[in-house]
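The sequence and the model come first.

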Amino acid sequence: MGTVERARGQRWFVKLEEGIVDKALFDAAVPAHRDWLAELEAAGHRPSSGYWRDRQGLSGAGGMLLFLAGDRDEAERLVSGDPLVSQGCVRWVVHEWCVVAGELADPPQEWNNSTSPELS
């Protein structure tokens with residue numbers, strides 16, 4: 001398996017979200033959310049989005065979006081354009097994700113099994 005190609009200077013970000021409206025309101029925003037994801041893809045942000053299967057249909061259900069952005073400001077600006085966010089359907093947080101292993105990591109990776117690189 002090879003690494004996933006990404007544009008120079010792009011970093012991985014994760015949006016975690018929790019639904020805060022009733023299912024009918026949430027579901028009404030999903031088609032626009034899917035259109036927004038297509039726009040992210042066309043712009044090269046490589047989005048992967050999904051929901052928590054074990055919470056589907058339950059109060060507080062939510063999901064995750066993995067995507068590329070140049071920096072945190074751009075990541076938050078992109079997320080603010082998500083119809084689920086702009087229509088107040090979700091509570092959300094964005095984290096920069098430092099990939100240290102797997103096909104999304106930038107090779108070569110030096111990894112100390114006892115600690116993370118940030119803690120060494």
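Helices (H or I, at least four residues) and strands (E, at least two) are DSSP runs, numbered from the N terminus. The model is a predicted one, in which local features need pLDDT of at least 70, side-chain atom pairs count only at pLDDT 80 or more, and totals for chains, interfaces and linings use all residues. Residues are numbered from 1 along each chain as its sequence is written, and side-chain values use heavy atoms, with hydrogens and water left out.

**Overall fold**

- The protein contains three helices and four strands, which follow one another along the sequence as β-α-β-β-α-α-β.
- Of the 120 residues in the protein, 30% are buried; buried means under 20% relative accessible area, exposed over 50%, and partly exposed in between (1.4 Å probe, protein chains only).
- Contact means heavy atoms within 4.5 Å. Among the contacts in the protein with a separation of 6 or more, 69% join residues 24 or more positions apart.

**The sheet**

- Two strands pair if DSSP finds at least two bridges between them. Strands of a sheet pair through backbone hydrogen bonds, either parallel or antiparallel.
- The four strands here form an open sheet, in the order β2-β3-β1-β4, with antiparallel pairing.
- β2 and β4 (90–96) are the edge strands, each with a single partner strand, so one side of each has no neighbour in the sheet.
- On average, neighbouring strands of this sheet are turned by 15° against each other, direction ignored. Axes are lines fitted to C-alpha atoms, for helices over the stretch in contact, and angles run from 0 to 180 degrees between N-to-C directions.
- β1 and β3 run antiparallel and are joined by eight bridges; E17 has G63 in β3 as its bridge partner.
- Four bridges connect β2 and β3, also in the antiparallel sense. Here G50 stands opposite M64 in β3, and Y51 stands opposite G63 in β3.
- β3 is mostly covered, with seven of its eight residues buried.

**Helices against the sheet**

- α1 lies across β1, β2, β3 and β4 and runs at about 20° to β3.
- α2 lies across β1, β3 and β4 and runs at about 135° to β3.

**Helix α1**

- A kink of about 35° lies at V30, shortly before the proline P31. The bend at a residue is the angle between axes fitted to the seven residues ending there and the seven starting there.
- At the start of α1, a side-chain oxygen of D22 comes within 3.1 Å of the backbone nitrogen of A24.
- α1 is followed by G44, which has a positive phi, near 90°.
- A29, V30, H33, W36, L37 and L40 are the buried residues of α1. These buried residues pack against β1 (11–19), β2 (48–51), β3 (62–69), α2 (72–80) and α3 (83–86).

**Asp82**

- D82 sits in the loop between α2 and α3. D82 counts as buried because its relative accessibility is 0%.
- A polar contact is a pair of N or O atoms within 3.5 Å; within protein, one must be able to donate a hydrogen and the other to accept it, and residues adjacent in sequence count only if both atoms are side-chain atoms.
- The side chain of D82 makes such a polar contact with the side chain of K15, at 2.4 Å. A polar atom of the D82 side chain also lies 2.9 Å from the backbone nitrogen of L84.
- Not counting residues up to four places away in sequence, D82 touches K15, E17, H33 and W36.
- D82 and W36 are 46 residues apart in sequence, while their C-alpha atoms are 6.3 Å apart in space.

**Gln10**

- Q10 is found in the segment before β1. Q10 counts as buried because its relative accessibility is 15%.
- The side chain of Q10 reaches the backbone nitrogen of A69 at 3.5 Å.
- Apart from neighbours within four places in sequence, Q10 is in contact with H45, L68, A69, G70 and E74.
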